[in-house]
Amino acid sequence: MAFDVDLFVIGGGSGGVRAARMAAATGAKVALAEDSRMGGTCVIRGCVPKKLMVFASSFRELPAEARAYGWDIPDGSFDWQAFRGKLHAELDRLEGVYRRLLDGSGVTIHDARARLSDAHTVELSNGTRVTAKHILVATGGRPERPDLTNAHLGLVSDDIFLMDRLPRSVLIVGGGFIACEMACILNGLGVKVTQFYRGAQILRGFDDEARGLVAEAMKESGIDLHLGTNIVEMAEAAAMGEQESDMGADVGFSADLFPHSGKKGCPVWVKSTNGHEAVFDSVLFATGRAPNSRDLGLEDLGVKIGRRGEIVVDDYSQTAVPSVYAIGDVTNRVNLTPVAIREGMAFSRTVFEGDPTPVDHTLIPSAVFTQPELGTIGLTEEEARTQEPIEVYCTSFRPMRTAFAGSTARVMMKIVVSQESRKVLGVHIVAPEAGEMIQLAAIAVKMGATKEDFDRTVAVHPTMAEELVTMRAPVRRS
């Protein structure tokens, strides 16, 4: 049977674009459909705009720190409108780059929503039908709102970059990396931030000692963090009347953040599980994400969908329907942009280069861009302890730069080591620029370095990272 294309990719995010370009480079005829902006979550409403906001928010402490070093720098004020305009200009530029890369690779772009009508046919929302030998689903994920009356009044992470103005006060609901990153960003930009998390500690799944230090730093910076707390009731503040907050004076509220989009972002009255009531300028839900697998026609074809809506695939990203593959967040394996790109590359090698390539999901480094950042690779101390006898090397100290300026902020370096093999099982860093440090440490860990390999490495002095190679005695064994 002759097909219109060799590969049809549904989704124009980082993974889908990489797979399309690599397949096209082999001579395959490739088409791609995207019903939103090219670049996907990472470029348009995730990693890139978030990191730019992290940079913007980090300047709040700079004037005071500079004065401690002798510079005569006054405190300034943040102009959201000026930043927002430049931010969106940069996102427009990056979207253009993605489109040019696809065009340059010979990939046909369809700006339309796509769904499968059979194992080899894609129907587009503009009425076009395209047949393909292989179909790759790379539709990513989306933020979820909780099942709560009036949850529509709150924002989700996608909305943060579109606000016409910054709220005076915000309640962030959630304790994962998105919730904590947004709390630090908005706090740094001058917003009064309250955070609810129903669990006992934020950043579940990360090293306990590391997440504890991040939580303390967040509270020290002015974030009003409430653990073991959740929303039980919320309503539009205007319907409840102005109320005094039990969670701090002058939370303030004003006009809608989105004046042309109904009530989303309007002032919200909230009642929490601890019985407190408060009014916030805005509520942000960061309570999870779900795979974008709905209304793609997959289940009708026999593609298996998991409990959370993820597309179930094998080690080669192939679904139960042989011609259909899936990569990235829609498979809910490891939901990180570089992982989606690796999965796209492995797919192309497997299908179009004749080199069956499973995806390696072991020892993936990651960073949480809180202030300070958390960088991690490998097993947490808690995970490693359940597997085998370990040694833990750990230090916490005030770094030179901020200590000189009078800050009490602390950083942490931790190495988890196998007693038997001496291999480094995990590295966890809480510090400014921890993301940069963990990327380099991850190379050694991925190569199978031992603690003695770390010890043989000469320190770069004076740096924070030198502690990774100067810790000689374990702080505990288990």
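I checked the length of helix α7, residues 177-188, in this predicted model.

Next I asked how many residues of α7 are buried. I got 10 of 12, so I'm noting the helix as mostly covered, with buried meaning under 20% relative accessible area. The buried residues are Ala 179, Cys 180, Glu 181, Met 182, Ala 183, Cys 184, Ile 185, Leu 186, Asn 187 and Gly 188. I also looked at what follows the helix: just after α7, Gly 190 has a positive phi of about 100 degrees.

Then the cysteines. I noted Cys 180 and Cys 184 among the buried residues of α7. Is Cys 42 buried or exposed? I put Cys 42 down as buried, because its relative accessibility is 13% and the cut-off for buried is under 20%. Cys 266 is buried too, with a relative accessible area of 2%. I looked for disulfides and found zero in the structure.

Last, the surface. Which residues make the nonpolar patch? I have Tyr 69, Trp 71, Ile 73 and Phe 404, and the patch comes to about 480 Å². I traced Phe 404 to helix α13, residues 400-404. Phe 404 has a relative accessible area of 57%, so I count this residue as exposed, the cut-off being over 50%.

How values were computed. Residues are numbered from 1 along each chain as its sequence is written. This is a predicted model: local features need pLDDT of at least 70, side-chain atom pairs count only at pLDDT 80 or more; totals for chains, interfaces and linings use all residues. Side-chain values use heavy atoms; hydrogens and water are left out. Helices (H or I, at least four residues) and strands (E, at least two) are DSSP runs, numbered from the N terminus. The expected span of a helix is 1.5 Å times one less than its number of residues. Buried means under 20% relative accessible area, exposed over 50%, partly exposed in between (1.4 Å probe, protein chains only). A disulfide is a pair of cysteine sulfur atoms within 2.5 Å. Patches are made of residues with over 30% relative accessible area and no salt bridge: like charges are joined within 9 Å, nonpolar side chains (Val, Leu, Ile, Met, Phe, Trp, Tyr) within 5 Å. Accessible areas come from the Shrake-Rupley method with a 1.4 Å probe; for residues, only the protein chains shown count as cover. A salt bridge is a side-chain nitrogen of Lys or Arg within 4 Å of a carboxyl oxygen of Asp or Glu.
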